[in-house]
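Good morning, everyone. Please open the sequence and the structure, and keep both in view while I talk.

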Amino acid sequence: MHSYEKLLLQNKAWAEEIKADDPQYFEKLSHIQTPEFLWIGCSDSRVPADRITGTQPGEIFVHRNVANLVVNTDVNLLAVLDYAVTVLKVKHVIVCGHYGCGGIKAAASKHDHKPVLNMWLKNIKDVYRLHRKELDAIKEAEQKTDRLVELNVQEQIFNLAKTTIIQKAWKKEQRPDLHGWVYGLKDGIIKPVFEMKAGTHIDPLYEYDL
Ligand SMILES: [Zn+2]
């Protein structure tokens with residue numbers, strides 16, 4: 001059996017198990033999607049949003065990319081954000097990074113990861129540059145990248161607040177709150193590191209007349 005065929009088999013077993021417990025489960029779920037949360041997380045296979053938060057299908061709307069970045073030219077992310085905030089009307093947007101993130105480590109090194117990855121990781125190098133003084137003062141390598149993980153999450157929260165999607169929802173409906181979290185691969189615990197309540201004022205340069 002090929003490895004991918006095992007996934008299909010496991011899927012069947014999973015669906016049977018759920019149906020045995022609640023025969024209407026899938027039928028009910030197919031008609032509703034009213035998640036309260038948008039999750040922007042890392043693509044890392046060890047950080048599954050629903051598993052680590054104990055949530056069920058239908059509860060979290062998810063977007064994942066390398067190192068959980070909010071890039072203002074990323075149409076994919078912006079489409080997810082717009083749909084979640086404007087149509088699904090989520091109450092909370094969570095950016096969740098994780099300690100030991102390979103993307104963060106790669107961005108902190110001088111290694112050439114070739115054009116596409118270099119382009120993406122440059123966004124994290126910008127975060128490092130903004131906080132160079134604090135980061136350069138940390139001598140221990142793991143501590144340094146862990147702190148960069150936290151600062152990266154914080155900057156992505158600012159990037160969310162800079163979008164007209166968030167600013168419009170804040171102005172009209174006083175939601176969503178923005179949460180910056182970091183997941184620990186070693187202990188499975190999520191640590192909140194930054195928060196921005198709906199309506200928080202940011203640098204006026206980024207605030208639009210809406
Ligand atoms: Zn990662």
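Which residues in H4 meet which residues in H9? From H4 come Leu-78, Leu-81, Asp-82, Val-85 and Thr-86, and from H9 come Ile-165, Ile-166 and Ala-169. Meeting here means contact, that is, heavy atoms within 4.5 Å. By type, the residues of this contact of H4 with H9 are six nonpolar, one polar and one charged. Nonpolar covers Ala, Val, Leu, Ile, Met, Phe, Trp, Tyr, Cys and Pro; charged covers Asp, Glu, Lys and Arg; the others, Gly among them, are polar.

A word on the ground rules. This is a predicted model, where local features need pLDDT of at least 70 and side-chain atom pairs count only at pLDDT 80 or more, while totals for chains, interfaces and linings use all residues. Residues are numbered from 1 along each chain as its sequence is written, and side-chain values use heavy atoms, with hydrogens and water left out. Helices (H or I, at least four residues) and strands (E, at least two) are DSSP runs, numbered from the N terminus.

Back to the helices. Two packed helices are described by the angle between their axes and the distance between the axes. Axes are lines fitted to C-alpha atoms, for helices over the stretch in contact, and angles run from 0 to 180 degrees between N-to-C directions. For H4 and H9 the angle is about 10°, and the axes are 10 Å apart. H4 and H9 are therefore roughly parallel to each other. The cut-offs are these: under 35 degrees is roughly parallel, over 145 roughly antiparallel, 65 to 115 roughly perpendicular, and the rest oblique.

Now the second pair. At what angle do H6 and H8 pack? Helix H6 (residues 115–130) and helix H8 (residues 141–161) pack at about 100°, with axes 10 Å apart. H6 and H8 are therefore roughly perpendicular to each other. On the H6 side we find Ile-124, Val-127, Tyr-128 and Leu-130. On the H8 side we find Lys-144, Leu-148, Leu-151, Asn-152, Glu-155 and Gln-156. The contact of H6 with H8 divides into six nonpolar, two polar and two charged residues.

Is Asn-152 buried or exposed? Asn-152 is buried, because its relative accessible area is 1%. Buried means under 20% relative accessible area, exposed over 50%, and partly exposed in between, with a 1.4 Å probe and protein chains only. The side chain of Asn-152 reaches the backbone oxygen of Ala-67 at 3.1 Å. It also makes a polar contact with the side chain of Gln-156, at 2.8 Å. A polar contact is a pair of N or O atoms within 3.5 Å; within protein, one must be able to donate a hydrogen and the other to accept it, and residues adjacent in sequence count only if both atoms are side-chain atoms. Leaving out residues up to four places away in sequence, Asn-152 touches several others, including Asn-68 and Ile-104.

Next, the metal. Which residues are the protein donors of the zinc ion? They are Cys-42 (SG), His-98 (NE2) and Cys-101 (SG), 2.0 to 2.3 Å from the zinc ion. Donors are N, O and S atoms within 2.8 Å of the metal (3.2 Å for Na, K and Ca); water is not among the atoms, so sites may look incomplete. In sequence, the spacing of the donor residues is C-x55-H-x2-C. His-98 counts as buried, at 1% relative accessibility. Cys-101 counts as buried too, at 3%. Find Cys-101 in the loop between strand E3 (92–98) and H5. Cys-101 and Leu-148 are 47 residues apart in sequence, and their C-alpha atoms are 9.8 Å apart in space.

Last, the backbone. Most residues other than glycine have a negative phi, and most peptide bonds are trans. Asn-68 has a positive phi, near 40°. It sits in the loop between strand E2 (60–65) and helix H4 (75–87). Asn-68 is buried, with a relative accessible area of 2%. Lys-114 also has a positive phi, near 75°. Its place is the loop between helix H5 (102–108) and H6. Lys-114 counts as exposed, at 52% relative accessibility. Finally, the peptide bond from Arg-175 to Pro-176 is cis, with omega near -5°. Look for Pro-176 in the loop between helix H9 (164–173) and strand E4 (177–183).
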